[in-house]
Amino acid sequence: MLELPGVKEDEVAMEVQNGRLVISGEQALAKDLDEDAFFLREIPAGRFSRILPLPAGIQASEVETSMENGILFITFPGADAAE
């Protein structure tokens with residue numbers, strides 16, 4: 001599970017490279033907000049990326065993802081069976 005508040009599903013790119021799931025995207029600052037009006041921002045803006053190693057025995061085609069309300073769910077089917 002990866003929290004991505006304010007990011008839409010079509011703004012997130014995911015691909016498998018060398019046995020790793022690479023997740024990247026950009027959290028844009030709303031255009032109607034004045035950046036100087038903030039003392040502290042809890043949610044950062046800008047590019048982001050995360051790299052997760054695939055569990056042993058999991059193929060790229062088996063990785064399942066879904067996104068709901070700014071939370072990206074990542075499922076590696078069969079990962080428990082290998083333990």
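Two strands count as paired if DSSP finds at least two bridges between them. Strands themselves (E, at least two residues) and helices (H or I, at least four) are DSSP runs, numbered from the N terminus. With those terms in hand, welcome to the structure above.

This is a predicted model, in which local features need pLDDT of at least 70 and side-chain atom pairs count only at pLDDT 80 or more, while totals for chains, interfaces and linings use all residues. Residues are numbered from 1 along each chain as its sequence is written, and side-chain values use heavy atoms, with hydrogens and water left out.

## The overall picture

The protein chain has 0 helices and 6 strands, so its pattern along the sequence reads β-β-β-β-β-β. Of its 83 residues, 22% are buried; buried means under 20% relative accessible area, exposed means over 50%, and partly exposed lies in between (1.4 Å probe, protein chains only). The surface left open comes to about 6400 Å², with carbon and sulfur atoms supplying 49% of it. Such areas come from the Shrake-Rupley method with a 1.4 Å probe, and for residues only the protein chains shown count as cover.

A contact here means heavy atoms within 4.5 Å. Among the contacts in the protein chain with a separation of 6 or more, 46% are between residues 24 or more positions apart.

## Two sheets

Strands of a sheet pair through backbone hydrogen bonds, either parallel or antiparallel. Let us start with the sheet that holds both ends of the strand list. This open sheet of 3 strands has the order β1-β6-β5, and its pairing is antiparallel. β1 and β5 are the edge strands, each pairing on one side only. Strand β1 (residues 2-3) is joined to β6 by 2 bridges, and Glu3 has Ile71 in β6 as its bridge partner. Strand β5 (residues 64-68) pairs with β6 over 5 bridges, with Glu64 standing opposite Thr75. β5 and β6 also form a hairpin with 2 residues between them, where Asn69 in the turn has a positive phi of about 50°.

The other open sheet also has 3 strands, in the order β2-β3-β4, with antiparallel pairing. Its edge strands are β2 and β4, each of which pairs on one side only. Neighbouring strands of this sheet are turned by 15° against each other on average, direction ignored; the axes behind this angle are lines fitted to C-alpha atoms, for helices over the stretch in contact, and angles run from 0 to 180 degrees between N-to-C directions. Strand β2 (residues 12-17) and β3 are held by 6 bridges in the antiparallel sense. Ala13 has Ser24 in β3 as its bridge partner, and Gln17 stands opposite Arg20. β2 and β3 make a hairpin with 2 residues between them, and Asn18 in that turn has a positive phi of about 50°.

## The core

A nonpolar core is a set of buried Ala, Val, Leu, Ile, Met, Phe, Trp, Tyr and Cys residues joined through side-chain atoms within 4.5 Å. The largest one has 13 residues, and Leu4, Val12, Ile23 and Leu72 have the most contacts inside it.

As for β6, Leu72 and Ile74 make up its covered face, whereas Ile71, Phe73 and Thr75 make up the uncovered one.

## Two prolines in loops

Pro5 sits in the loop between β1 and β2, and Pro55 in the loop between β4 (46-53) and β5. Pro5 counts as partly exposed because its relative accessible area is 37%; Pro55 is partly exposed too, at 26%.

| C-alpha pair | Apart in sequence | Apart in space |
|---|---|---|
| Pro5 and Ile71 | 66 residues | 7.1 Å |
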